[in-house]
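Subject: Structure handover

Hello,

Here is the structure I promised to pass on. Please open it alongside this message, and read my notes below as you look around.

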Amino acid sequence: GDRYRVQGRWRPADNRDGIFAGSLQAKEVVLIGEDGGNSLRRAVAGLRQRMFDSIRRAIGGDAGALSAAMVVGDRRSISPELTEAFRDAGSAHLLAISGMNIALVGGLAMAASAAALGRRWQVYLLVPLMVVWGYGALAGLSPSVVRAAVMFTVYLAAYALGRQRSALPALGLAAAVMVALDPGVLGSISFQLSFAAVAGIAVIGHGVADACRRAWMRLTRSPEPPRGMIEAAIFATAIGIGATAATSPLVLFHFGAFATWGIVSTVLATPALGLWIISAALAGALGLAWPAAAQVAGWPAWLTGEYVANVSRFFAWIPPGAVETGRWAAPASVALYAALVAWLARSWLLKAGRIAGTFAPALLRKRPAGASSAALWRPPAWLVGLAFVAAAIVWAGAITSRPDGLVKVTFFETDNGDAIFIETPNGTQALIDGGRAASGAVRSVDARLPFWDRSLDLVLLTHGDQDHVGGLEAVLGRFDVALVADAPLPPETDVYRSWL
């Protein structure tokens, strides 16, 4: 709702499709009004800022900065060193309010509401609904938060209607509605991570929680399942394992790095998140009216925040840390998901193997006279499943490789020099320069191309001296190149015409 007056030099761009665009080199920016915009959004933004200031006053140090990020989604006060530690430890997703945080907060609110109000008439479901959307509003209602809140709302609605035996139908419905309203959301990294986190919690976390309960009952020799704090710790641990296991291959695919200790650090940190978020939010709310009480209420948040920070620092310090995978990111991601699916379907695979074993002797026997080949050969279940997976991979590759009609230009700042990678709408690829270091250009092109593409249409060198050929020599040794040209060349030469 703020209004500013910006003065400076205006450089208009081309007027395309009736849109007047350009750039402004600002010399002066003056705030001239604060009462514009939507009143509800202005009120929420004001509350977020006051909560941020209150949390920072009540909770000191790195724990206060992390608490503000966990409650209101504002990570401005987190130091770069601590951010790097969370990234190397594989626990950076804990600071991003999305599917895992919404599921944790909503699940704890649902359990507390059921204990306080009972399960009669489903009234207790209103409390987690209000808590989740209130938490999302405080976090700024970013796209990832909205998607996770919508998924949790659909889950509560299905639960209230007696249709909820698994979270997967609700998750599928929410995702289908989002994609129907905005098909482009399917390619959003935040949507993929939110969807995978909630799916991992529903599929993997449920089994992990059951295994932890059985282990606790065997350890304590108790016929009753755990309750209270033990059950809350099991619930939080299962959420951490499920969300991390489901999202790690996606993080590897998109960012080309795998945190070696990601699952371990997340499992150790997740049980503290519930107490951390609740106590930090309570300290921030009390600080708006009673700062002295906020100092006392912030002690649990400070303790849990320091614990999570030190866990991340410890696992960031242990070698090997975050491993860069380069061009192997995509196949490694597929392999991780394949291993995860195989583990989840281990009982089905064993059963399919036994079924396949019963057909094997029949295949070795001589076919009786008059018996049709269809009656003799029935493909086992594992073969059908393998064919389905292969078809899905082929279709996924075909869909993702479709041209979008855009010319894409990527500028790489490699070791000791720049490199420019160009892709035309018809799939033609060109590399201009590659820096002096032999590894810079190869690493940059590997990051831009899919793992199955090992060819370039044009490599162009704009510097004739020997100090600028190291990167391109490495590229020529790694990729199949159709045309190599040395510059400076005028635009009317055959090299440019044949490439374009």
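Where does Asp433 lie? Asp433 sits in the loop that runs between strand S7 (429–432) and helix H18 (438–448). Keep in mind that this is a predicted model. Asp433 counts as buried, because its relative accessibility is 11%, and the cut-off for buried is under 20%.

Now the overall picture.

The protein chain has 500 residues, and 37% of them count as buried. Its secondary structure comes to 20 helices and 11 strands. Take the contacts in the chain with a separation of 6 or more: 65% of them are between residues 24 or more positions apart. The accessible surface comes to about 28,600 Å². Carbon and sulfur atoms account for 64% of that surface.

Next, the inside.

The largest nonpolar core holds 53 residues. Which of them touch the most other members? They are Ile59, Leu66, Val71, Ile78, Ile102 and Trp276. Helix H2 (residues 61–72) gives this core its largest share, eight residues. There is also a second, separate core of 12 residues. Among its members are Ala419, Leu431, Leu449 and Phe479.

Start with Ile59. Apart from neighbours within four places in sequence, Ile59 is in contact with Gly64, Ser67, Ala280, Ala283, Gly298, Ala301 and Trp302.

Go on to Ser67, which lies in helix H2. Is Ser67 buried or exposed? Ser67 counts as buried, since its relative accessibility is 0%. Leaving out residues up to four places away in sequence, Ser67 touches Ile55, Ile59, Trp276, Ala280 and Ala301.

Then turn to Gly305 in helix H13. Gly305 is buried because its relative accessible area is 0%. With residues up to four places away in sequence set aside, Gly305 touches Ala63, Leu66 and Trp276. The C-alpha atoms of Gly305 and Leu273 are separated by 8.6 Å. Gly305 and Leu273 are 32 residues apart along the chain.

Now the aromatic rings.

How many aromatic pairs are there? The count comes to three. One of them joins Trp261 and Phe315, with 6.1 Å centre to centre and 45° between the planes. That pair is tilted. It links distant parts of the chain, as Trp261 and Phe315 are 54 residues apart. Trp261 is in the loop between strand S3 (257–259) and helix H10 (262–269). Phe315 is in helix H13 (residues 299–317). Trp261 counts as partly exposed, because its relative accessibility is 26%. Phe315 counts as buried, because its value is 7%.

Phe314 is partly exposed, with a relative accessible area of 43%. Trp317 is exposed, because its relative accessible area is 65%, and the cut-off for exposed is over 50%. Together, Trp261, Phe314, Phe315 and Trp317 form one aromatic cluster.

Last, the surface.

Which residues form a nonpolar patch on the surface? They are Tyr4, Val6, Trp10, Phe20, Leu24, Val29 and Leu31. Together they have about 700 Å² of accessible area. Strand S1 (3–12) and strand S2 (22–33) are the elements that give two or more residues to the patch. Val6 has its place in strand S1. Why does Val6 count as partly exposed? Its relative accessibility is 43%, and partly exposed covers the range between the buried and exposed cut-offs.

Best wishes

Methods: Residues numbered from 1 in each chain as written. Predicted model: local features only at pLDDT ≥ 70, side-chain atom pairs only at ≥ 80, totals over all residues. Heavy atoms only, no water. Patch = residues over 30% accessible without salt bridge, like charges linked within 9 Å, V, L, I, M, F, W, Y side chains within 5 Å. Areas by Shrake-Rupley, 256 points an atom, 1.4 Å probe, with all protein chains shown as cover. Salt bridge = Lys/Arg side-chain N within 4 Å of Asp/Glu carboxyl O. Helix = DSSP H or I, 4+ residues; strand = E, 2+ residues; numbered from the N terminus. Buried < 20%, exposed > 50% of the residue type's maximum accessible area, 1.4 Å probe, protein only. Core = buried A, V, L, I, M, F, W, Y, C linked by side-chain atoms within 4.5 Å. Contact = heavy atoms within 4.5 Å. Phe/Tyr/Trp six-rings, centres within 6.5 Å; stacked < 30°, edge-to-face > 60°.
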